[in-house]
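Open your viewer and get ready for a short walk around a protein. Each stop tells you what to select and what you will find there.

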Amino acid sequence: MPLTDFARRVTGPGTCTDASSGAAGPDAGAAPGAAGQAPAPGPVAGADGADSRAVGREADGLAVASFVLGLVGLLVFNVLLGPTAIVMALLALARRTRRRGRALLGLALGVADLVVLAVLVTGNGAVAWDFGG
């Protein structure tokens, strides 16, 4: 949370944060919410927007990670990286990522990882890369 948002939550909209302003005046000892004073601070306006941006960034990160894992999975560890790329891509799509194309590519590459694995297993009967004869 940025420092400015924290300061707004702590001080509230009607509170003065200047150290030089003393507690002089007729309402100096009055309880919060009394005449002339602002009520206790509530939730900050726009806090839901910050939460949705954080979820959006997380979904974008999932989309990019699924793409990278699917791409790397074509070369190594396709038995592990393929399903992981598929799950991450589906989570990113479910969370409404802005990088929808990258999430779809991650999904396609994850499926391609499993197809490559199936071809290799049926070709030589083992879950291993073997190009020799």
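This is a predicted model: local features need pLDDT of at least 70, side-chain atom pairs count only at pLDDT 80 or more; totals for chains, interfaces and linings use all residues.

Next, switch to a cartoon view. How many helices and strands does the protein have? There are four helices and zero strands, and from the N terminus on the order reads α-α-α-α.

Now show the surface. The accessible surface of the protein comes to about 9,000 Å², and carbon and sulfur atoms hold 66% of that area. If you colour by burial, 19% of the 133 residues come up as buried.

For the next stop, select residues 78-94, which are helix 3, and residues 100-124, which are helix 4. Their axes come within 8 Å and cross at roughly 155 degrees. Angles over 145 degrees count as roughly antiparallel, so helix 3 is roughly antiparallel to helix 4. The crossing of helix 3 past helix 4 is left-handed.

Finally, show side chains where these two helices touch. On helix 3, pick out contact residues including Leu-81, Ala-85, Ile-86, Ala-89 and Leu-93. On helix 4, the partners include Leu-104, Leu-107, Val-111, Leu-114 and Leu-117. Two glycines of helix 4, Gly-106 and Gly-110, are also among the residues in this contact. Which classes of residue make up the contact of helix 3 with helix 4? Colour by class and you will find 17 nonpolar, four polar and two charged residues. Among the residues to look for are Arg-100 and Asp-113 on helix 4.

How values were computed. Residues are numbered from 1 along each chain as its sequence is written. Side-chain values use heavy atoms; hydrogens and water are left out. Buried means under 20% relative accessible area, exposed over 50%, partly exposed in between (1.4 Å probe, protein chains only). Accessible areas come from the Shrake-Rupley method with a 1.4 Å probe; for residues, only the protein chains shown count as cover. Axes are lines fitted to C-alpha atoms, for helices over the stretch in contact, and angles run from 0 to 180 degrees between N-to-C directions. Angles under 35 degrees count as roughly parallel, over 145 as roughly antiparallel, 65 to 115 as roughly perpendicular and the rest as oblique. A crossing is left-handed if the near helix is turned anticlockwise from the far one by less than a right angle, and right-handed if clockwise. Contact means heavy atoms within 4.5 Å. Ala, Val, Leu, Ile, Met, Phe, Trp, Tyr, Cys and Pro count as nonpolar, Asp, Glu, Lys and Arg as charged, and the others, Gly among them, as polar.
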